[in-house]
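Good morning, colleagues. Please look at the model on the screen while I describe two parts of it.

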Amino acid sequence: MTPSVIAPRCTRLAPGERGGPIDERGLAELRERARERVRTVLAAVPLPRPWSMNAWVDRLEAWRGREIDLVPVAHRPGQPSGAWQARPDYDLIAYTGHTSALHQDHIIAHELAHLLCAHTGACLLSESEAAELAPDLAPRALSHLLTRVTSGADEYEAELIAVLLMSAATSEPPAVQPGASGRAADQARRLAALLG
């Protein structure tokens, strides 16, 4: 019997389904590929400080030469919390609008991971089903956007990339770099000691 793990349930999966089994023998390679992709993207598109998903998406757009539209949508239990679709002239990312800002950023980061990896999937929604999920948007804008089925490995990779991106985005650099010296470093250490 082949050892396996289950990919996270995600926005690009049919409602109620999970990502499916992933052969554990390929996980180390998949994890390293995800880490390398994050290193490459962050080297080309540095994270803004203080963190702002909108500012980072602006940087991604400039780097890729292609617009990314972020669209908040209503979420119902059991339905996807976000999705990505490559449109002819731009990319569209839908995400749950009624959740915390950190959760929204994580959903967007997950969908950006699908975008950066060029994951594809099979559409399961008609235009009328898409319109029911997001009544404020034109059905054509959301048709074949939500609830796409991707492989378990794609979901695992996208979730891992999202976690790595959000970890980097929400961790502030240390106030004093190791080995720092001089008057400014001494002042920073004293301030850190007072606040700590």
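In which sense do strand 3 and strand 5 pair, and over how many bridges? Strand 3 (residues 67-73) pairs with strand 5 in the parallel sense, over seven bridges; two strands pair if DSSP finds at least two bridges between them. Helices (H or I, at least four residues) and strands (E, at least two) are DSSP runs, numbered from the N terminus.

The model is predicted: local features need pLDDT of at least 70, side-chain atom pairs count only at pLDDT 80 or more, and totals for chains, interfaces and linings use all residues. Residues are numbered from 1 along each chain as its sequence is written, and side-chain values use heavy atoms, with hydrogens and water left out.

To continue with strand 5, proline 72 stands opposite tyrosine 95 in this strand. Strand 4 (residues 82-86) pairs with strand 5 in the antiparallel sense over five bridges, and alanine 83 has alanine 94 in strand 5 as its bridge partner. Three residues lie between strand 4 and strand 5 in the hairpin that they form. Six of the seven residues of strand 5 (residues 90-96) are buried, so the strand is largely enclosed by the rest of the structure; buried means under 20% relative accessible area (1.4 Å probe, protein chains only).

I turn now to the helices. Met53, Trp56, Val57, Leu60, Trp63 and Arg64 in helix 2 meet Asp105, Ile108, Ala109, Leu112, Leu115 and Leu116 in helix 3, where contact means heavy atoms within 4.5 Å.

Key. Buried means under 20% relative accessible area, exposed over 50%, partly exposed in between (1.4 Å probe, protein chains only).
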